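Let's walk through this fold together, starting with a few ground rules and then moving from helix to sheet and back.

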Amino acid sequence: MQVAKPNREKILADSIIAWWRDAGVDYLCGDDPISWLDDAAELSEPAPAPVARATAPAKTPPATPAKPAPTIAWPAEFEGLMAAISSDSALPGNAYGRQIAAPIAMVQPELMVIYDLPEEADITAGQLGNGPTGQLLKAMFGACGYLSGQVHITALAHSRPASGALPPADLPLLAKFAQHQISLVRPQRLLLLGTAVSTALTGQELMAARAGLPDFNQDGRTMATVATFHPRTLLARPILKAQAWQDLQAIVKKDRP
């Protein structure tokens, strides 16, 4: 009896098929690649896009004019103004947030400090000059020879916008209100902190104002005026402290202890 020779090709094919079956492949695959993660609906022929029907353009309702902000007379004496700033949301800069940080009030001080808006620590405390920024500010004027009782601290705004910055369009009114404060506080010297204050009260960007400002003239009174970096800038970039100290030399008290 003759024994049939083994079919090597069939044995090899059976071996390969068995290997793939053991690996979990139990059906044939085509040659073209298919993304198995796509939804079956995405693999089918795309449905024809619906024909858009022409529609008449919607009429835009006329814009409702904004209601004008209420105007109030600003208090014309120091105590009344300080009380109003602490409580009246109708004053310029008092309606950016629900809480107000009051000035550190001192009539006829040796120095009046103005910055742009309260820090979060000021809002929490209800008064300006708090938190790390306030501590650095007090260290700055302390190094110039001023005691806390000799300095009036105020801001262009006494509430804090959610953005953390004053709207540029509001600066003219905020500047006018700051000038009203200066006329009632009657300081001997002014310290302006940051670009917003410098721009609002002098019309110059901070770097230009730092080069030298003329005396501030208010109701016939002249006050030595210095513009320098805001304490929050100095905290973020301590390398600028040396430049700020040079700026402050113009208001250093000659008889400081």
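Contact here means heavy atoms within 4.5 Å. Axes are lines fitted to C-alpha atoms, for helices over the stretch in contact, and angles run from 0 to 180 degrees between N-to-C directions. Helices (H or I, at least four residues) and strands (E, at least two) are DSSP runs, numbered from the N terminus.

This is a predicted model, in which local features need pLDDT of at least 70 and side-chain atom pairs count only at pLDDT 80 or more, while totals for chains, interfaces and linings use all residues. Residues are numbered from 1 along each chain as its sequence is written, and side-chain values use heavy atoms, leaving out hydrogens and water.

With that in hand, look at helix H10 (residues 241-248), which lies across S3 and S5 and runs at about 170° to S5. Those strands belong to an open sheet of five, in the order S2-S1-S3-S5-S4, with mixed pairing; two strands pair if DSSP finds at least two bridges between them. At the edges sit strand S2 (151-155) and strand S4 (216-218), each pairing on one side only. On average, neighbouring strands of this sheet are turned by 25° against each other, direction ignored.

Helix H6 (residues 171-185) also packs on the sheet, touching strand S1 (111-115), S2, strand S3 (189-193), S4 and S5. The direction of H6 makes about 80° with that of S4.

Now zoom in on S4 and strand S5 (residues 221-228), which pair in the antiparallel sense over three bridges. Here Gln218 stands opposite Arg221 in S5.
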